[in-house]
Every structure is written in structure tokens, then in C-alpha cells.
Amino acid sequence: MSRAVIHPAVLPVSVLLLSMVACTAMPPVDAPPMANGPCVADAASWSIGRAATPEVVERARAESHSTDVRVIEPGQPVTMDFNPDRLNINVNERGAITGLKCG
């Protein structure tokens, strides 16, 4: 009767690999989709002329691969910090989207 021989390094390596897998962060199941890269404003150009409703703003954010979005009204002061993952949506007095820019 033959007996299987296990290499002495198999157990420590197995424990190490299982520990690494157990420590991997898993996103929540209901998390919103994250951006796939830096903002691309042209991907949301379809929204120009539309009302900046929450649904339109969220769709523009998602399609531009942005992690953040801000709607800028006429005369509204805004910070000048550059964020390559943010979509800036400019609207007119009626709330219609007039322009899109990343940053």
C-alpha cells in the first residue's frame, strides 16, 4: 500500500494564500458602479439642452466615468481645485445644461 507524500511547504503556502484571499476587501453588493477611469465630458454631451434633473445628472456622471459631479448655476462661486474625476455641469437660469467640463 503506497502512502501519499505532501511536500512540507504546501501547508504554509496554502495558509498564506487563504489568508490573503480572506483579507481582500469586497465591495457591498448594492454599491453604485465606480468610474472606469478619468472623466470624459464628451461622453455626456447628449445632456446639453436638457433640464439638470437628478436622473440626467446621475446618468451624465456615470457615462462620463466620473466619481463626482457638481451642477454650477450662473454666478455661483465655485472652488478652483482641479479634480480629474469630477464632471462640472453648467446650467442656465432655467436649469438647462449649457456645458460640461471635467475638473
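Which helix does Glu 58 lie in? I looked, and Glu 58 sits in helix H2. For my notes, helices (H or I, at least four residues) and strands (E, at least two) are DSSP runs, numbered from the N terminus.

**Ground rules.** I am working with a predicted model, where local features need pLDDT of at least 70, side-chain atom pairs count only at pLDDT 80 or more, and totals for chains, interfaces and linings use all residues. Residues are numbered from 1 along each chain as its sequence is written, and side-chain values use heavy atoms, with hydrogens and water left out.

**Glu 58.** I checked its accessibility next: Glu 58 is partly exposed at 39% relative accessibility. My cut-offs are under 20% relative accessible area for buried and over 50% for exposed, with partly exposed in between (1.4 Å probe, protein chains only). I also looked up the spacing to Asp 68, which is 10 residues from Glu 58 in sequence and 9.5 Å away in space, C-alpha to C-alpha.

**The sheet.** I found an open sheet of three strands in the order S1-S2-S3, with mixed pairing. Strand S1 (68-72) and S3 are at the edges with a single partner strand each, so one side of each has no neighbour in the sheet. From one strand to the next, the twist averages 20°; axes here are lines fitted to C-alpha atoms, for helices over the stretch in contact, and angles run from 0 to 180 degrees between N-to-C directions. S1 and S2 pair in the parallel sense over five bridges, where pairing asks that DSSP find at least two bridges between two strands. Val 71 stands opposite Ile 89 in S2.

**Asn 88.** I then turned to Asn 88, in strand S2 (residues 86-91). Asn 88 is buried, at 5% relative accessibility. Its side chain makes a polar contact of 2.4 Å with that of Arg 70. I count a polar contact as a pair of N or O atoms within 3.5 Å; within protein, one must be able to donate a hydrogen and the other to accept it, and residues adjacent in sequence count only if both atoms are side-chain atoms.

**The disulfide.** Searching the whole structure gave me one disulfide, meaning a pair of cysteine sulfur atoms within 2.5 Å. Cys 39 is joined to Cys 102, S to S 1.9 Å. The pair links distant parts of the chain, 63 residues apart: Cys 39 is in the loop between helix H1 (10-22) and helix H2 (54-63), and Cys 102 is in strand S3 (residues 97-102). Cys 39 is buried at 12% relative accessible area, whereas Cys 102 is partly exposed at 22%.
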